[in-house]
Amino acid sequence: MPNQSAVSIVVINGPESVVISGLRTAVESVITILETQGIKTKPLTVSHAFHSEVMDAMLADFERVANQVTYSPPQIALISNLTGKLATADIATPQYWLTHLRQPVRFADSITTLHQFGYEVFLEIGPKPTLLAMGSQCLAEGVGTWLPNLRQGQSDGQIILQSLGELYVRGQCH
């Protein structure tokens, strides 16, 4: 059995999508155990073992830099992926971001909170709409409209027009 502190749950993307991170050999041991139990795994290509104990070595440097940043509270309602709830004033502090570096990302809780606040349309801004599928799995089947703004290998204008068309059909554009 791998050293339990050498592997962390670092992202909770949905009921069937959890990301682990940590020391490579320990993560590989956990993957082996999961696969022998028939649990599907997929390695992610990342630069660092974010949100795991591996980040501890750079926390002091990160804190030093974070203390030099000027923060401002959000001007609109914002959901914290650290808590999965409405962000409070602490999001504009170095300590929040230091904590975020070592705690799991609560994406699934964030989507649930947005839905509880009445949000039904979810637009992913970015070159690859990877979060749309995960987000849709956080809510009951058929709940929400999940739209990309871009898709790799497809015309940007076409994807934007398709998403705008979907919003229009759903009465969101006037």
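Which residues lie nearest the centre of the second largest pocket? Selecting F107, I111, L114, F122 and L123 gives the answer, as these lie nearest the centre among the 13 residues of its lining. The model is predicted, so to be counted, local features need pLDDT of at least 70 and side-chain atom pairs pLDDT 80 or more, while totals for chains, interfaces and linings use all residues. Residues are numbered from 1 along each chain as its sequence is written, and side-chain values use heavy atoms, with hydrogens and water left out.

**First stop: the second largest pocket**

A pocket here is an open set of points on a 1 Å grid over the protein atoms alone, where a 1.4 Å probe fits, with protein on both sides within 12 Å along at least five of seven lines; lining residues have an atom within 4 Å of a point. The second largest pocket has a volume of about 310 Å³, a volume being the space filled by probe spheres set on the points, with points joined across faces, edges and corners. Colour α4, β3 (121-124) and α5, each of which supplies at least two residues of the lining. Helices (H or I, at least four residues) and strands (E, at least two) are DSSP runs numbered from the N terminus. The lining divides into 10 nonpolar residues, two polar and one charged; Ala, Val, Leu, Ile, Met, Phe, Trp, Tyr, Cys and Pro count as nonpolar, Asp, Glu, Lys and Arg as charged, and the others, Gly among them, as polar.

**Second stop: the nonpolar cores**

Next select V11, F107, I111, F122, L139 and W146, which touch the most other members of the 13-residue largest nonpolar core. Such a core is a set of buried Ala, Val, Leu, Ile, Met, Phe, Trp, Tyr and Cys residues joined through side-chain atoms within 4.5 Å. Buried means under 20% relative accessible area, exposed over 50%, and partly exposed in between (1.4 Å probe, protein chains only). At least two residues of this core come from each of β1 (7-14), α4 (107-116) and α5 (131-136), and α4 gives the most, with three. Centre the view on I111: beyond residues up to four places away in sequence, I111 touches F122, G135, C138, L139 and W146, where contact means heavy atoms within 4.5 Å. A second, separate core has five residues, including V7, A26, V27 and V30.

The largest pocket has a volume of about 1800 Å³. Of its 47 lining residues, select V18, V19, I20, K42 and L44, the closest to its centre. The elements that give two or more residues to this lining are β1, β2 (17-22), α1 (24-36) and α5, and α1 gives the most, with seven. The lining comprises 27 nonpolar residues, 15 polar and five charged.

Then move to R106, in the loop between α3 and α4. R106 counts as partly exposed, at 28% relative accessibility. Beyond neighbours within four places in sequence, R106 is in contact with I12, N81, L82, T83 and G84. From R106 to L82 the C-alpha distance is 5.8 Å, across 24 residues in sequence.

**Last stop: T145**

Finish at T145 in strand β4 (residues 145-148). Is T145 buried or exposed? T145 is buried because its relative accessible area is 7%. Its side chain makes a polar contact with the side chain of R170 (3.0 Å).

Notes
Polar contact = N/O pair within 3.5 Å; in protein donor to acceptor, adjacent residues only side chain to side chain.
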